[in-house]
Amino acid sequence: MNSSRPRYDVICDPLDMWMVWDHQAEEPACFGGQVLNGLTEGHAVEVAKIMNEIYGSGRPVRRAAINLSDDKDLRYVS
C-alpha cells in the first residue's frame, strides 16, 4: 500500500455506479457486513471520507454513523 494515498478511494464501475475501494485489502470496502458498492458518486465520496477518518490513519476512532440507504441521512455523530 502506498502511504501517500488514502486507504479508501472511490471507483466507478462499467454501469456508472460507484464503490468504495480499500487499497490496504485490495478489494471493495465493507462496513457492517455490507459491501460498499452500487452507490451514487456523492455517497461513495462521503463514505470513503468517513472510512478514511475512522480507519485510514491509525488515529483514535471517531464515532460516525453511515446510512447507506439515503444520501441525505449521511452525517457524523459525536
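Good morning. From the N terminus on, the elements of this protein follow the order β-β-β-β-β-α-β-β, which amounts to one helix and seven strands. Helices (H or I, at least four residues) and strands (E, at least two) are DSSP runs, numbered from the N terminus.

Before the details, a word on the model. It is a predicted model, in which local features need pLDDT of at least 70 and side-chain atom pairs count only at pLDDT 80 or more, while totals for chains, interfaces and linings use all residues. Residues are numbered from 1 along each chain as its sequence is written, and side-chain values use heavy atoms, with hydrogens and water left out.

I turn to the sheet. Three strands make up an open sheet, ordered β1-β2-β3, with antiparallel pairing. Because β1 (8-12) and β3 (27-28) stand at the edges, each with a single partner strand, one side of each has no neighbour in the sheet. Two strands are said to pair if DSSP finds at least two bridges between them. For β1 and β2 (residues 18-22), the antiparallel pairing extends over five bridges. Within this pair, C12 lies opposite W18 of β2.

What lies across β1 and β2? Helix α1, residues 41-55, does so, and it runs at about 160° to β1. Axes here are lines fitted to C-alpha atoms, for helices over the stretch in contact, and angles run from 0 to 180 degrees between N-to-C directions. Contact means heavy atoms within 4.5 Å. Of the contacts in the protein with a separation of 6 or more, 29% are accounted for by residues 24 or more positions apart.

Next, the surface. The accessible surface of the protein is about 5200 Å², and 49% of this belongs to carbon and sulfur atoms. Such areas come from the Shrake-Rupley method with a 1.4 Å probe; for residues, only the protein chains shown count as cover. Of the 78 residues, 27% count as buried, that is, under 20% relative accessible area, with exposed meaning over 50% and partly exposed in between (1.4 Å probe, protein chains only).

Finally, two residues. R7 is located in the segment before β1. Is R7 buried or exposed? R7 is buried, its relative accessible area being 16%. Its side chain is joined to that of Y8 by a polar contact of 3.2 Å. A polar contact is a pair of N or O atoms within 3.5 Å; within protein, one must be able to donate a hydrogen and the other to accept it, and residues adjacent in sequence count only if both atoms are side-chain atoms. H23, in the loop between β2 and β3, is buried with a relative accessible area of 12%.
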